[in-house]
Amino acid sequence: MENQLPKEWYENLSVLDIAFQPILNIHTGKIFAVEALLRNHKEAGFESIFDIFDEVYKKNILYSFDLELRKKTIKKFTEIAIYQDLKLFYNLDNRLFEMPNFAQGNTKKILLEHKIKKDTICFEISERHQIDGIHDMQTIMQHYKDDNYCIAIDDFGVGYSGYKLLHDVKPDILKIDRFFLQDVHKHPKKKVMLKSITHLAVQLGIQVVAEGVETIEELLVCRDVGCHLVQGYFIQRPTTDVTQIKSNYTEISDIINKDQRFMDKGYEIRTYIKKIPTLYIKTKMATVIEYFKKHQESTIIPIVNSHYEPVGILQDDQIKDFLYSPYGRSLLLNDDSKKSKLKNLINPCAIADINSEISTIIELFSNNPESIGIIITKDSEYYGFLSARAIITIMNEQNLLFAREQNPLTKLPGNTMIEKYVWDASKSKETYLLCYFDLDNFKAFNDVYGFRNGDRVIQLFADILRKNLPQEFFKAHIGGDDFFVGIKSTHDDNEIYITDVKNIVKKFTDDVIEFYSQDDKARGYILSKDREGNKKEFPLLTVSASVLLIHKRSEKRCVTKINNILSVQKKVAKHELSHVSLSCMI
């Protein structure tokens, strides 16, 4: 037989086993797919899995071996109780094309044997081996895309071709390399890069998998930047026991639900989503033409695969261009023409889960000036379409909401947003530093120098916060001479943040002296009346800081307790030599 393996390799295959690792919807914890991973390589006599593939490659039997491995993998996949609802991610060695017996159609035969749809399998292609000559990554990807298979790029961001692949051959799924995820909550540069890669992929209509997630912090950052799916040890380690694969991972959904952003609660985008009817990707063009005739108000059609997952959109202009051109209609209706294939007319469209943060959806839209909207999914299936007009309406409402919640004098967020921030800190499992600032002797200054100068002092302090605290800090104005800042810690040593607070106290004390007359500067105090109407000396303005460090291991955090500590401690800070008082919640 053309694809026959030597006997010893059939024996090796019988020793090797297949493990599956779940890939989940990052917003709900519902399973989307499993990745097949090879196990028992040492029992088969190899130091690593890579050694197995290197050996069969040297013997020129890589394709034959891989076909047998596919049969074994797909057979075991069907033993998963819920396999019909899942995708199967299968890793391809990108040297397959170099094999003399490489041929089309073999995977289709295996799938037919097990009555599995083509959409079920997703081929993962990595750039571990750079191929010279004609058989490069682009060729391999295009081969399987032309054959209507789902394609995923593995280890994205550390390969040879990178962004060129996204441009030349749009994959269906992108798996971001673990390098960008590891301790991402501690490294702002990594977070920027992760967000950049994710948003670019989403705008091209590509689903993003955060692969290799090992901690709750990594999970939440990946969700916040817009990843659709998640995989890693934190979810579940690969298992050879198919009974361990679950339809819902409630432990993950519980984490997500507990950490839902308070800022988006009560804001419902569902009212803006239009439930535009879809078409299946293999629909005949005659049906497409009839669709637009019946739905003349529609300018787009969302296109889905057999799993009801969106693959892009078709715009009415594309059809009209054919219908109004010579022979255009004939080309569309000609089953032998490439133009008659719906898949060749599909445009990419950004995809976001219905549970995505509104800010993420707005940013995805804003970063693409050509966007006509965003496809909304629920558990990876098509849910509806959010048009450009709807998103602009949401943006305007958000801007009005933000404007209402700003302090009119300093333009900093006000009490509503402060309450939401403290609520987030109370529900989180991460380390937070919170700080109340209170200007000392402000009433006396206001009485002597007037409200206009008092406002200028308040604006000075707001500007000092903006210019001297890192961007990661949340900066807000409680009202009057009270301010609030907070930060979710990304350092093991939180002294850096406490130093930032001390520097704010010093900077304000040094700068505000310029608001006094020469005589008051020389005296070092001003004369004014106290609250009982008695004339007395008041020191020059400074600021006190009440700092609360909430450790991630703290189990007793709650909004009431946090506010009480900060309030009581504010009085203590005024009597400290440094004007800074610190407490820790452990």
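Which residues line the second largest cavity? I started my notebook with that.

**Entry 1: ground rules.** I am looking at a predicted model, where local features need pLDDT of at least 70, side-chain atom pairs count only at pLDDT 80 or more, and totals for chains, interfaces and linings use all residues. Residues are numbered from 1 along each chain as its sequence is written, and side-chain values use heavy atoms, with hydrogens and water left out.

**Entry 2: my opening question.** I found His27, Val202, Gly226, Cys227, His228, Ile351, Ala352, Asp353, Ser356, Thr360 and Leu364 around the second largest cavity. A cavity here is a set of points on a 1 Å grid over the protein atoms alone where a 1.4 Å probe fits but cannot get out, and lining residues have an atom within 4 Å of a point. I noted about 40 Å³ of space in this one; a volume is the space filled by probe spheres set on the points, which are joined across faces, edges and corners. By class, I see 5 nonpolar, 5 polar and 1 charged residues in the lining. Ala, Val, Leu, Ile, Met, Phe, Trp, Tyr, Cys and Pro count as nonpolar, Asp, Glu, Lys and Arg as charged, and the others, Gly among them, as polar. Strand β12 gives the largest share, 3 residues, and both β12 and α14 supply at least two. Helices (H or I, at least four residues) and strands (E, at least two) are DSSP runs, numbered from the N terminus.

Entry 3: I followed β12 into an open sheet of 3 strands, ordered β12-β13-β14 with mixed pairing; strands pair if DSSP finds at least two bridges between them. β12 (351–353) and β14 (381–387) each have a single partner strand, so one side of each is left without a neighbour in the sheet. Neighbouring strands are turned by 35° against each other on average, direction ignored. β13 (373–378) and β14 run antiparallel, joined by 6 bridges, and I spotted Thr377 opposite Tyr382. Helix α14 (358–366) packs on this sheet, touching β12, β13 and β14, at about 145° to β13. Contact means heavy atoms within 4.5 Å; axes are lines fitted to C-alpha atoms, for helices over the stretch in contact, and angles run from 0 to 180 degrees between N-to-C directions.

**Entry 4: the largest cavity.** I counted 4 cavities of 30 Å³ or more, and the largest holds about 70 Å³. Of its 13 lining residues, Ala103, Gln104, Gly105, Thr107 and Tyr144 lie nearest the centre. Helix α4 gives the most, 3 residues.

Conventions:
On a 1 Å grid over the protein atoms alone, a cavity is a set of points where a 1.4 Å probe fits but cannot get out, and a pocket is an open set with protein on both sides within 12 Å along at least five of seven lines; lining residues have an atom within 4 Å of a point.
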